[in-house]
Amino acid sequence: MVQRKLQNCSICTLSSVSLRTGTVNRSPYNTTKGAIVSLTKSMAMELAQYNIRCNTVIPGSIRTEMVMKNRTPEELQQRVQASVPLCRVGEPEEVANLLLFLTSAESSYMTGQAVEITGGM
């Protein structure tokens, strides 16, 4: 385990909006995404004494291979317009920018948080 306090140390995990919305035929996936949030919150409490911050990012529909799989762009756009207030799919770079913030000194007072990046879902 950690022997001393660290400076600006951060652990970020990735979950999914499916932890609260559910998905047909994806129960194990959805369950693990909920478990990631719980694990991250527990780690935040356990590791705070070493100055290690732990947060999780909860993405919604992001333009990834998994989201695009078995869907035409038109089908995806219809789904997104029906469920995402910003009416678009998020870009991987947008998630990366959030992760950069969470691992930087700019978020030095954030730990144990589950931060959604979902376009308002």
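Two strands are taken as paired if DSSP finds at least two bridges between them. Strands (E, at least two residues) and helices (H or I, at least four residues) are DSSP runs, numbered from the N terminus. The model is predicted, so local features need pLDDT of at least 70 and side-chain atom pairs count only at pLDDT 80 or more, while totals for chains, interfaces and linings use all residues. Residues are numbered from 1 along each chain as its sequence is written, and side-chain values use heavy atoms, without hydrogens and water.

An open sheet is formed by 3 strands in the order β1-β2-β3, with parallel pairing. β1 (9-14) and β3 (114-117) are the edge strands, each pairing on one side only. From one strand to the next, the twist averages 25°. Over 6 bridges, β1 pairs in the parallel sense with β2 (residues 52-59). Cys-9 stands opposite Ile-52 in β2.

α2 packs on the sheet and touches β1, β2 and β3 (contact: heavy atoms within 4.5 Å). The direction of α2 makes about 160° with that of β2. α5 also packs on the sheet, touching β1, β2 and β3, and its direction makes about 165° with that of β2. Axes are lines fitted to C-alpha atoms, for helices over the stretch in contact, and angles run from 0 to 180 degrees between N-to-C directions.

The lining of the largest pocket comprises 24 residues, and Ser-16, Tyr-29, Gly-60, Met-66 and Val-67 lie nearest the pocket centre. A pocket is an open set of points on a 1 Å grid over the protein atoms alone, where a 1.4 Å probe fits, with protein on both sides within 12 Å along at least five of seven lines; lining residues have an atom within 4 Å of a point. Elements giving two or more residues to this lining are α1 (18-21), α2 (27-47), α3 (65-68), α4 (73-83) and α5 (92-102).
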